[in-house]
Amino acid sequence: MCSLALFPAPLPDGQTTLCESNNELLSGSDAEERPKQVRSTQPQASLGLWFDRTADRNYQLTYGGYVQHHNPILLFKKASYPELICNNSAVSFPPAVPKCLSVSSGCTLALLQWVSSFHGSLFPHLTVSYFFLSDCVVRAFAWHPHTDKFAVALLDDSIKIYNPKSATTPTLKHRLQRSVAAVQWKPLCASALAVACQNCVLVWHVDPCSLSTRPSSGCAQVLSHPGHSPVTSIAWSPSGSLLASASPMDTAVMVWDVAAESCVPLQRVGGGGVTFLSWSPDGSHVLAPTPSALFRVWETRMWTCERWPCVKGRCQSGCWSPDGSRLLFTVQGETVIYALTFTDAPGSPGISTGTSKGPQAAAVVADLSETSFNTAHGDVIVGGEIQSLAWDPRGERLAVLLKGDPQAADRPAIIAVFKTRTNPVFELLPCGFVQGEADAEPRLMQFHPSFQHGALLTVCWSSGRITHVPFYFLSAGVPHFGLSGSPLLPRPQERCSALANQSLFTEMIS
Amino acid sequence: MADCSAQVICWRAAASIAWAVLLLPPVTAVFVILSRFSLLHPIHTISECFSLLTSAGAIFSLILLCGVILMVGFLNLEYYTVIPTIACSKIALLGQLLHPRQFVNSSAHCIMGIIVAWCCAVTIGGRYETIGYPCTHSDGSTHMCLNEYHLILLLAGAFVGFSHSLLGVIHNMNFVSFHTVQQYKYLRFKGSLPLVVKCSATQALYSVRNYVVVYFFLGYIPKAWICKTLNLHLNSSIHPLDSIAGLLDLSLLYHLWISATFLLFTWYITLLLFRIFVTEVYNFPVQSSFTEEAHQCLPKVLTDKEPMILKFLALQDLALLSQHSPSRRCEVFSLSQPGGHPHNWNAISRECLSLLADLTQRLVAYHDTVATNGRAKSLSTGSERKTSSETSVTSGTEDLMSPRPTLMMKTPASVFARSIVGGPQSPLTAPFTPDLDSPFASPSLRRLTAPVEQCSPWHGTVQSPHVMRRVPKLWSTSTDSQANGSPPPSPASVASPQQQTSKPSLLAQFLQNRKEQVKHFLAKRVLIMYLFNKLPEASSQALFADSQAHIWALEGISYLIQASFSEDQFGVVQTALPSILSCMLVLQEAVDRHFKLPHASSKPLRSASSMGDPTYKTLRFALRATLKTAIYRITTTFGDHLNAVQMSAEHRKRLQQFVEYKD
């Protein structure tokens, strides 16, 4: 088992992680020095986008490819469903209304309120708070699975698509595109982007060759089903044929046939709604945790499910190994990472049907309990509850977002990165911490699905900045299916110079 | 002909009917409770219901209902189709509704509706129970009088049965669609049950509303007739029911509605079970070591044309095995033991490619007859087609009987084509089949499209010059149809061929001119235009009616190619790769071109709740998405290796767009 004690100490304030090279994480001090350093060492390290809602300038180009962007501030209160009901019912009646009427209406409202107070206990999924409506300007982020473009959903519910190969940055806006919680590109397709909205799932078809910056709402397909709202998570099947959507307020997972706009609700008793969805990269399983201490793993051949009751809390997050055989997940209130192994990995010869026996219990693979590090600026405590997990598509780096404590200064939210190895035995090795600027906390993270030279972790920070942290390494295992099998260049310095003229993003001047 | 496999369908239908019969008693019990429930005496009602359910009358009516379910199941099996019939104009729809086969269906449903309603009347009891009752006249003599409550219920059953059968044609309820999400039968049934309840309740509501209106106006006719035949009298002291006061009886309306719901629910359940059972995945063996079983193997069943459902099941199985089952894929890539030929792969890929090529040809032919504004293109393109595609134009009857070599799959041109026995159809359907129903085609267009029509398969077996000569086209549109306020007949129709190559005499020319005048005259009449106008996007739907097969073919072949990258030991796939890629790219081009036509890319309206499966309306979108995904699947798998594949420069350019994710 791996623990945080084996990690190198976190960086001091002002230092940010730039990249991994030669098996160590490199860091830079602050923004002024960075362009120089970038040019000399790793080109992709500091290129990124910066959505800043305090700046009152639109699209100002700063050095090194930073883009500042102003957005109207929409602050959403974190509120649970019963609270909303209570707020609605606290209506004061105008004095003109007769007294008996107001009294009787008051009684009715009180009764309704009393009945609605049972909602939470009867239906646990209704008490889930909208945790996704955070203060971060970036709501959701998604890399295209095959190319270098990505989509960013902002707080004002617009979505921007950045593509290094084109000068236009399409902005997607739609009447129904409200409280965007997730975006995901359709695999094996150039143009389709699914967006989880308040009442529906929108599937945008953004022509990559089009020069229009505002695709019309006619380009979007609306997938809605009564009772299925708010949609907070979506997942495309890796073959691109189906789209699953889930809502914490709806017990059913919807599996959409997007072209036909028809859906099949998958419903099982118990657990309440579904908090998020994760489709295994081989397409054989879907992870669907519920707001209660129970999560399900759906098998996608006949759509049956395994129930996995947790002891302590609900399943907080999970991720799949690239071959779909291993599931890592974390549980709310615990500081460990569990692993489940599914033996019926497709591709293994001899097994004809995918209905073999699954695992019996989850094993603990890493312990991330609080550990204090001695740094020059005093002790820093790292560890605690885990917010999310991300595994790179080659299965060599695992990023773990630790929640930290926003009140305590010495307990920052931080990303811990593990090196992972699946053969011959599953192993986690410490790699290091990824840190941003002083006050920025990581909110979202995702690995680039087809980065050629290792792994590229994209982090959205609470300051509105999006940075990319590349991890340069030679793949230990066999070249991953679908990626280019050509060997990487042996020496990192040469590799860097080769990469220097290959920009990942266009610098935008407007 | 795969007999054993064909039997599978019958067994599945039998199993579905058996389940429907088994479900009947609980459904009836729920109906009895709902129909006799009174809020004031709940306990009393329930005990009464129990005693009723065990009585001899109830058991007799249950047996009758079982008979009805058996009949409904049989009709489902007889009338189902996997390729929907799409009426391209109002007149074609009318033709479908008036077809003798449909007439048999409707009258059967009518009779079954009466039987179910009679059972309902008996179980509800009370004032509904008998048709006659003794009554005393004003002069003191007793007669048997007509119980109008009984009659209204029986007629309601007939009406609901009839309208169910008509709606079945309009909504293509006999169309059986295959689901992309595979589920076990029980779970699928459970998932669809709420929809069935909702559908039957709303449909019953609409039917009862229409029925009440009809009965209000025409109720006296059956009443008088029944009285005359059964020698019953009308009780003049009781208010007649075909009046506003008589029909505004809430309890009567409730009983009508609940009976109609019960009737539709049992029928819908039978239909639902039939669909679920028949579309279940069937595992065909890829190869067999015994020659007697060779005809049941996947490559053989794929190439069979009849029955169509088996071909669909085989294609579905192919799509699933290529995706999920490495061991069965291994069999596909294997070589034959003596000889070392990849027979399995060859047969499968050939069949898939011919399906795709067929669709391409169909799309190209359609596009050539239709310019984007609905007018015909220049004559030259059409005549080019003529030489390439058609050889057997003049062979009238033989043509009707023999399948054309160019057509791999024919769309049965009407509902009435049984998909089990897809033999030649009666010429009666000919004027009402899609696309050739619109006679508003100018003679030049007709001449132009005549050969093309022969190679466009959606006319299938019906369209033959022999038939068409007997049903001459009467009129054609001219541009003044637009002046009429009606939209121009959008994609110009493919009209009948006129094969007589006799020289036009003076008399014939005179007749021709008169004909044109008549056409002009009729084209200006609103009703005629209404009947003959093309429904928007219907021809597009008809073109892609059987596209589920193409979707599976595309999926199956692309997954097989993806798997061949690592699993194909003998390299059997590599030889076919250039032809498959070019086939897909040509189809992609044709589909892209088709979607530029008006109405082709407009989405159909979402129908609220109906038992008819609307998936056929969106098949063209599904096909487009699947085609792109299939090409992307191949390009992402092979990447730069595709440069080694031989293909034309144009195709390479197109493929490069896919490699760069720019399409």
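Trainee: Which residue stands opposite A:T16 in β3(A)?

Mentor: First, the general idea. Strands of a sheet pair through backbone hydrogen bonds, either parallel or antiparallel. A strand here is a DSSP run of E with at least two residues, numbered from the N terminus. Two strands count as paired if DSSP finds at least two bridges between them. Now the case: A:T16 faces A:G28 in β3(A). Five bridges join strand β2 (residues 16-21) to strand β3 (residues 24-28) of chain A, in the antiparallel sense.

Trainee: How do I read those residue labels and how far can I trust them?

Mentor: This is a predicted model, so to speak of a local feature needs pLDDT of at least 70, side-chain atom pairs count only at pLDDT 80 or more, and totals for chains, interfaces and linings use all residues. Residues are numbered from 1 along each chain as its sequence is written, chains are lettered from A and ligands numbered from 1 in the order written, and side-chain values use heavy atoms, leaving out hydrogens and water.

Trainee: How many residues lie between β2(A) and β3(A)?

Mentor: Two, in a hairpin. In its turn, A:N22 has a positive phi of about 50°.

Trainee: Is β12(A) mostly covered or mostly open?

Mentor: Buried means under 20% relative accessible area, exposed over 50%, partly exposed in between (1.4 Å probe, protein chains only). Strand β12 (residues 192-196) of chain A is mostly covered, with five of its five residues buried. A:A192, A:A194 and A:A196 lie on one side, A:L193 and A:V195 on the other.

Trainee: Which strands pair with β12(A)?

Mentor: β11 (residues 182-185) of chain A pairs antiparallel over four bridges. There A:W185 has A:L193 as its bridge partner. Six residues separate β11(A) and β12(A) in their hairpin, where A:L188 takes a positive phi near 55°. Five antiparallel bridges join β12(A) to β13 (residues 201-205) of chain A. Four residues lie between β12(A) and β13(A) in that hairpin.

Trainee: Which residues touch the most other members of the largest nonpolar core?

Mentor: A nonpolar core is a set of buried Ala, Val, Leu, Ile, Met, Phe, Trp, Tyr and Cys residues joined through side-chain atoms within 4.5 Å. Of 91 residues in the largest, B:W345 and B:M584 touch the most other members. A second, separate core of 58 residues includes B:V32 and B:L241.
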